[in-house]
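Here is a walk through one chain, from its overall build down to single residues. Keep the structure in view and follow each stop in turn.

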Amino acid sequence: MLQTRLGSLHAFEQTRLSQSARRWLGGNAPSVDTISRVMSFVDSDEVRKTLVSVFRQLKLNKGFAPLAHGQVALVIDGHESHTSYLRCCNGCLKRETDTLSGKRTQYYHRHVAAHLVGRDFTYMVDIEPQRDSDGEITAALALYERVHKNYSRSYDIVMGDALYSCQSIWKAVLANGKQIITVLKDVCKTLLDESTKLMEHQAPIIRQKKSAIQEIREVSDCTSWWDDETKIRVGSCRETKTIKR
Ligand SMILES: [Zn+2]
């Protein structure tokens with residue numbers, strides 16, 4: 001799916017007999033049953049190597065340009081691929097959910113994915129399965145280590161949601177000489193308090209965005225939530241919308 005850039009095997013089934021697909025492949029593509037059977041035997045490292053070489057070619061051909069500010073982002077995020085109450089496999093994670101007929105065990109799969117984000121283009125570089133229900137950070141660290149090895153000169157900044165505001169991730173990224181942006185959360189309370197206090201007395205930059213008004217503030221050189229040496233820049237945006245009923 002990564003290599004065909006289609007969303008599902010079902011989507012592939014729809015296109016595999018088209019003129020363009022046949023022309024490109026020089027014949028008929030195998031059925032999706034054959035593809036899924038064969039893919040389950042393919043070594044993941046071989047797929048990773050292919051993705052690295054495709055990306056290098058893409059850069060050589062100037063097919064991947066940085067964002068307007070000249071930097072490429074590496075976005076890391078957790079995704080749930082499928083859930084079931086009825087079926088499970090050895091790799092399934094389990095959770096109890098409340099349903100109309102009482103508590104039930106739900107089986108699901110989650111993985112952490114890494115994308116390189118450039119101008120008008122995102123490139124999925126790697127994924128790592130999550131082995132237990134609170135294991136997203138463990139999976140993300142393993143993933144990041146591998147991605148950095150393969151794409152160390154292809155990105156400038158790592159981005160993640162509030163879950164990634166944790167010491168281990170920040171330290172791993174900073175140790176590689178890269179920058180990181182995450183959403184702050186309660187665990188960074190001292191940093192949140194310090195920056196909020198400093199922002200209170202600051203005149204915001206006002207930006208009009210269609211029907212919304214944004215007030216943007218930022219403070220530099222805030223002390224990180226784990227040591228005194230690491231300095232963090234905190235940005236805040238308050239958006240106000242007017243709705244006519
Ligand atoms: Zn499973």
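Of the chain's 245 residues, 13% count as buried. A residue is buried if 20 or more other C-beta atoms lie within 10 Å of its own, exposed if 12 or fewer, and partly exposed in between, with C-beta atoms placed from the backbone. This is a predicted model: local features need pLDDT of at least 70, side-chain atom pairs count only at pLDDT 80 or more, and totals for chains, interfaces and linings use all residues. Residues are numbered from 1 along each chain as its sequence is written.

The C-alpha atoms fill a box of roughly 65 × 55 × 50 Å along the principal axes. Seven helices and nine strands make up the list of elements. Helices (H or I, at least four residues) and strands (E, at least two) are DSSP runs, numbered from the N terminus. Contacts tell of the fold as well. Two residues are in contact if their C-beta atoms, placed from the backbone, lie within 7 Å. Among contacts between residues at least 6 apart in sequence, 50% join residues at least 24 apart.

Start with helix α3, residues 32-39, which holds Thr34. Is Thr34 buried or exposed? Thr34 has 10 C-beta neighbours inside 10 Å, so Thr34 counts as exposed. Arg5 is 29 residues away from Thr34 in sequence. In space, the two C-alpha atoms are 18 Å apart.

Next come the domains. The domain assignment gives domain 1 (66-183) and domain 2 (184-245). Such bounds come from an automatic or database domain assignment. The centres of the two domains, taken over C-alpha atoms, are 25 Å apart. Where they touch, six residues of domain 1 are in contact with six residues of domain 2. On the domain 1 side, four of these residues are nonpolar, two are polar and none is charged. Here Ala, Val, Leu, Ile, Met, Phe, Trp, Tyr, Cys and Pro count as nonpolar, Asp, Glu, Lys and Arg as charged, and the others, Gly among them, as polar.

Turn to strand β3, residues 102-118. Two strands pair if DSSP finds at least two bridges between them. Strand β1 (residues 73-84) runs antiparallel to β3, and 11 bridges join them. One of the bridge pairs sets Leu74 against Leu116 in β3. Strand β2 (residues 93-99) is also antiparallel to β3, with seven bridges. There, Glu96 stands opposite Thr105.

What does β3 do with strand β4, residues 121-129? The two run antiparallel, joined by eight bridges. Val117 has Thr122 in β4 as its bridge partner. Further along, Ala113 stands opposite Ile127 in β4. The hairpin of β3 and β4 has two residues between the strands, and Asp120 takes a positive phi near 55° there.

Two helices come next. Helix α5 (residues 136-151) and helix α6 (residues 167-175) have axes that come within 10 Å and cross at roughly 10°. Axes are lines fitted to C-alpha atoms, for helices over the stretch in contact, and angles run from 0 to 180 degrees between N-to-C directions. The helices α5 and α6 are therefore roughly parallel to each other. Angles under 35 degrees count as roughly parallel, over 145 as roughly antiparallel, 65 to 115 as roughly perpendicular and the rest as oblique. From α5, Ile137, Ala140, Leu141 and Tyr144 meet Ser168, Ile169 and Ala172 in α6. By class, this contact has six nonpolar residues, one polar and no charged.

The last stop is an open sheet of three strands. Its order is β7-β8-β9, with antiparallel pairing. The edges are β7 (205-209) and β9 (231-241), each with a single partner strand, so one side of each is left without a neighbour in the sheet. From one strand to the next, the twist averages 25°. Strand β8 (residues 212-223) is joined to β9 by 10 bridges. Arg217 has Ser236 in β9 as its bridge partner. Helix α7 (residues 189-200) lies across β8 and β9, running at about 120° to β8.
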